[in-house]
Amino acid sequence: MKKETEKYIRQASRVFFGLYLLLLIYLMFFAEDWGRTMLEGDYRYNLMPFREIRRYIIYRRQIGPWRVFWNLLGNIIGFVPYGALLPAMQKKRMGFFKVALLSFELTLFIEVSQLILRVGSCDVDDMILNTLGGCIGYGIYRLVFRKKEKGIYEETI
């Protein structure tokens, strides 16, 4: 890939990453439709791994398919752009474990912030699903990047 093209991709990735982070902050802390308001009274949180995932799967009929989809797959899908854009912004190649760790760290920050601010709900299962989404995003990035390395795609920019 030409240096010019690489630079353009990095710059575009940074713009999309910034927009993605703004959207993520909004959805995690301010979206009233998603129950992201300051809570009064009891605050619910889950610190036991796979408790909520298991509950959503067992009670999927009572909870409803859309709610199960948005909770389980939404947490994964929501972090796919993070895992794909993070290495695309870097000049040096970023490895899988670094992206996984950074995905986990961002998710930990979000969940602890939700716990402290009492917005949304702090859930260790969200951390698991978000980190998985970041890893899937990295896998998608590597598939695209590997194809470009092997010359399957021609230069168009």
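**Close-up views of a predicted model**

View 1. Trp66 and Trp70 both belong to helix 4 (residues 65-77), where they sit four residues apart, about one turn of the helix. Helices here are DSSP runs of H or I with at least four residues, and they are numbered from the N terminus. An α-helix has 3.6 residues a turn, so residues three or four places apart point the same way. This is a predicted model, in which local features need pLDDT of at least 70 and side-chain atom pairs count only at pLDDT 80 or more, while totals for chains, interfaces and linings use all residues. Residues are numbered from 1 along each chain as its sequence is written, and side-chain values use heavy atoms, with hydrogens and water left out.

The structure holds 10 aromatic pairs. Rings of Phe, Tyr and Trp (its six-membered ring) pair if their centres lie within 6.5 Å; planes under 30 degrees apart are called stacked, over 60 edge-to-face, and the rest tilted. Trp66 and Trp70 form a stacked pair, 6.4 Å centre to centre with 20° between the planes. Trp66 has 62% relative accessibility and therefore counts as exposed. For relative accessible area, buried means under 20%, exposed over 50%, and partly exposed in between (1.4 Å probe, protein chains only).

View 2. Phe96 and Phe97 form an edge-to-face pair, with 5.3 Å centre to centre and 80° between the planes. Phe96 is partly exposed, at a relative accessible area of 35%, and Phe97 is exposed, at 70%. Ring pairs join Phe96, Phe97, Tyr138, Tyr141 and Phe145 into a cluster.

**View 3. Ser13 of helix 1.** Ser13 lies in helix 1 (residues 3-29). Its relative accessibility is 7%, so Ser13 counts as buried. A polar atom of the Ser13 side chain lies 2.8 Å from the backbone oxygen of Ile9. Leaving aside residues up to four places away in sequence, Ser13 touches Leu85, Ala88 and Met89; contact means heavy atoms within 4.5 Å.

View 4. The buried residues are Val80, Tyr82, Gly83, Leu85, Leu86, Pro87 and Ala88. Leu85 and Ala88 are among the residues touched by Ser13.

View 5. Cys122 is buried, with a relative accessible area of 6%. Cys135 is also buried, at 17%. A disulfide is a pair of cysteine sulfur atoms within 2.5 Å, and by this rule the count is zero.

Conventions. Helix = DSSP H or I, 4+ residues; strand = E, 2+ residues; numbered from the N terminus. Polar contact = N/O pair within 3.5 Å; in protein donor to acceptor, adjacent residues only side chain to side chain.
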